[in-house]
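Here's a short walk through one protein model and the way two of its parts meet. Have a look at the structure first, then read on.

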Amino acid sequence: MQIQTVVTQPFLDQKPGTSGLRKKVRVFQQAHYLANFVQSIFDSLDIPPNATLTVGGDGRYFNKEAIQTIIQMAAANGFAKVLVGQHGILSTPAASHIIRTYHTFGGIILSASHNPAGPDDDFGIKYNTDNGGPAPEKITDAIFALSKHISQYKIAALPAIDLSVIGTTQLEGFTVEVIDAVRDYADLMQSMFDFPAIQRWLADGHRMQFDAMHAVTGPYAKEIFVNRLGAPAASLMNCEVSENFGGGHPDPNLTYAEDLVKIAYGEHAPDFAAASDGDGDRNMILGNHFFVTPSDSLALIAAHAKLIPAYAQGLAGVARSMPTSGAVDRVAKALGIECYETPTGWKFFGNLMDAGRVTLCGEESFGTGSSHVREKDGLWAVLCWLNVLAASQQSVESLVRAHWQTYGRNVYSRHDYEGVPTALANAVIAHVKAQFATLPSQVFGAYTVAQVDDFSYTDPVDGSVSANQGIRILFACGSRIVIRLSGTGTEGATIRIYLEAFTEDLAQQQRDAQDALADLILVSHHITQLPQLTGRQQPTVIT
Ligand code: G16
């Protein structure tokens, strides 16, 4: 095999964010940009003999070209084999499952998740380790350090692989196997959930609607919901994967999954509706005229886990990211199991799952998952809900209202201000930090500040410390405001304000979240001075 060593110059902006390196496609298309990052990944690893690499992406624009480069570089850097999803497509949870099932030496996942795709939009790349989970910070820090000093990369002169045909290609001691992207994952789901109960629930006349948002879960949804569970084909929408996700923004929330929301809130609404994102790891859950916040969804799945065959024996523990509401903490307390609070980023759950300390994890950012893989998993969450609906014979709304009655309600909302100039966003953060000493014991209407800090996490498994993970303003009544900058955007900065108020009062529980949080929202504006400092009067997205 002919291996070329290409001389290159470092790019200084290859710092992985919350979930890998995400940039505009045009940035990735610069000569050597992708290759530099891939070489930095490989140089951060000690690749053993005969190692296999899993490769796949969400099918977005530039996916196919990037995969050919990665295959050629894997061959040049000592991998013996690459497993790649057909058409270069693997959902993020399916890639995690493939890495774990076939014991590959990790994998490279190509996705910018829910961000739009196309020549002028976003692309992303991340490395997952052999446990199937996103590389922890010590590896992403090493990749960034290497990327700042890279001077050459290695690439093999191989012909382009036909990714459309399932099968194996041998190339001078190096093998590329194109695999069925869907089958293994669908088998895993079937082994975890009560498929016969869900089939009966559907056959009884209950209706579901699933929106793949023109992204990666389309083929998985057809196999699982239609072929294996017997849902009518019309219960699926936007299930053809397109390179630009149909020109949309595949973020399953009330703003961007507008078509589905109209159906769930329309006449003849289905009993259950759900959407997933670009790479299939996020989910949104809706009932008939009812939205379930991701934080409540996690809590409710934990509370009803015993109805699901895979969790019939109970949960080892649960974890949530810091900005996620404390609803699951209350369930954990009732179940007598541990609840861990981690920084934002799925990578922080990996150690807890590997150590057997937690079974379920979740984040407010529409991510829920369990130790069956090491990524959050959109379709898994949908199946959890279908299983609970079928086993309980209750509606989505009645399940959630009964949950609030039992545990109280953590009224919750996140306000995002997208595309804020970085200097202005930093000014907001600096303004709040400057008040750390003076805020405690200040009174804002019904809210008295009890504590203010910048969240720091010490991993209980390996002792690593992750500091500066978001500002917390904790009030004496248990309410809180969290402020942080997103680590996944590609343009300017996104300021996230997370608002949470707890109530056991049944009348209060019925209120719309924005109404119930109105005073807290005003307090957040007062403390952050966000409208004055950024000129933004309204959030871009409310979830
Ligand atoms: C990624 C991470 C999640 C995180 C989310 C939002 O999700 O995997 O753990 O919660 O980003 O992060 P941020 O608030 O920093 O934008 P995804 O679905 O984009 O891969």
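A salt bridge, as counted here, is a side-chain nitrogen of Lys or Arg within 4 Å of a carboxyl oxygen of Asp or Glu. E364 and R414 make one of these, with their closest N and O atoms 2.8 Å apart. Between domain 2 and domain 3 the count is 3 salt bridges.

Before going further, a word on what you're looking at. This is a predicted model, where local features need pLDDT of at least 70 and side-chain atom pairs count only at pLDDT 80 or more, while totals for chains, interfaces and linings use all residues. Residues are numbered from 1 along each chain as its sequence is written, and side-chain values use heavy atoms, with hydrogens and water left out.

Here's how the protein is divided (the bounds come from an automatic or database domain assignment):

| Domain | Residues |
|---|---|
| domain 1 | 3-179 |
| domain 2 | 184-407 |
| domain 3 | 409-542 |

Now back to where domain 2 and domain 3 meet. Taken over C-alpha atoms, their centres are 26 Å apart. Contact means heavy atoms within 4.5 Å, and by that rule 30 residues of domain 2 touch 26 residues of domain 3.

How much area do domain 2 and domain 3 bury between them? It's about 2400 Å², with 54% of it on carbon and sulfur atoms. Buried area here is the accessible area (1.4 Å probe) that two parts lose on being put together, summed over both. On the domain 2 side, M322, N351 and W404 supply 25% of the area buried against domain 3, more than any other three residues.

Which helix gives the largest share of the side of domain 2 that touches domain 3? That's α14, with 4 residues. Helices here are DSSP runs (H or I, at least four residues), strands are runs of E (at least two), and both are numbered from the N terminus.
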